[in-house]
Amino acid sequence: HLVVRQQGPSSSSSFLRYSTAIRHTTNNFAVSGTSRRGIFIRASLYEAEKGSAETEKKTEDSETDATEEEKAEVEQLQEQLFIQVDQLHEQLQTAEESAADFKEKYARSLAEMENIRQRAQRDVQNANKFAVQGFAKALLDVADNLERATKAVPEEKLSGDENAHLKALHDGVVLTEKTLHEIFEKHHVVKMNALNEKFDPNIHEGMFEFECAEREPGTVGQVIQEGWKLHERVIRPARVGTTKKPSA
């Protein structure tokens with residue numbers, strides 16, 4: 001009996017080489033085509049070759065199936081990654097828009113706070129600067145009355161001894177008027193000189209017009225009531241009469 005033992009080929013190709021070796025061995029023994037041993041050996045070789053081919057085919061099919069599954073899994077992972085990337089891109093875009101919106105609001109808040117600070121500082125300065133405006137404006141009538149009183153007395157009435165009391169009274173009124181003007185100047189209340197100035201509606205109040213050939217038209221020719229200002233603010237415009245071109 002010919003005993004054939006497989007030494008554990010590692011692959012289908014090795015098994016085919018092993019089957020070929022057995023076939024050559026059988027030929028060397030000159031086994032007859034009609035003997036039972038030859039029929040058995042050849043049948044065994046046929047079954048071995050058939051099994052090897054089926055095994056190789058199954059291996060190839062298994063490798064093909066595994067490759068397709070891996071490919072499908074890779075495509076699925078890629079698709080999931082693309083979806084995650086799109087989601088992250090959308091989240092980043094939303095975050096950038098929110099950051100830009102917050103930055104704009106922050107800049108506007110800073111600008112608004114700065115405007116409020118400057119406005120409050122200006123209001124405080126104006127409050128300190130023009131705190132006496134109402135009081136000074138109320139005293140302007142007193143100044144006007146003192147001026148009228150000093151101008152009401154003729155100069156010839158102040159020269160004789162018989163009018164000593166009138167002269168003393170007049171001197172007291174003049175001194176009071178002078179003191180009041182000094183107080184005005186101390187608090188930056190200043191009388192505006194309007195005569196012979198170009199008419200300015202911001203500081204002058206036109207009462208009438210009169211013909212005058214000596215001055216240009218629109219010039220202040222008469223002052224009815226003096227104008228006053230506190231710092232740069234007009235607290236009472238001057239009431240004036242302006243000139244116009246004489247008619248032919």
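Q: Does E69 count as buried or exposed?
A: We go by relative accessible area (1.4 Å probe, protein chains only): buried is under 20%, exposed is over 50%, and partly exposed lies in between. E69 counts as exposed because its relative accessibility is 56%. Keep in mind that this is a predicted model: local features need pLDDT of at least 70, side-chain atom pairs count only at pLDDT 80 or more, and totals for chains, interfaces and linings use all residues. Residues are numbered from 1 along each chain as its sequence is written, and side-chain values use heavy atoms, leaving out hydrogens and water.

Q: Where in the chain is E69 found?
A: Helices (H or I, at least four residues) and strands (E, at least two) are DSSP runs, numbered from the N terminus. E69 sits in helix α2, which covers residues 36–129.

Q: How many helices and strands are there in the chain?
A: You'll find four helices and six strands. Starting at the N terminus, they go α-α-α-α-β-β-β-β-β-β. Of the chain's 248 residues, 19% count as buried.

Q: What joins the side chains of D144 and Q225?
A: A polar contact of 3.5 Å links the D144 and Q225 side chains. That term means a pair of N or O atoms within 3.5 Å; within protein, one must be able to donate a hydrogen and the other to accept it, and residues adjacent in sequence count only if both atoms are side-chain atoms.
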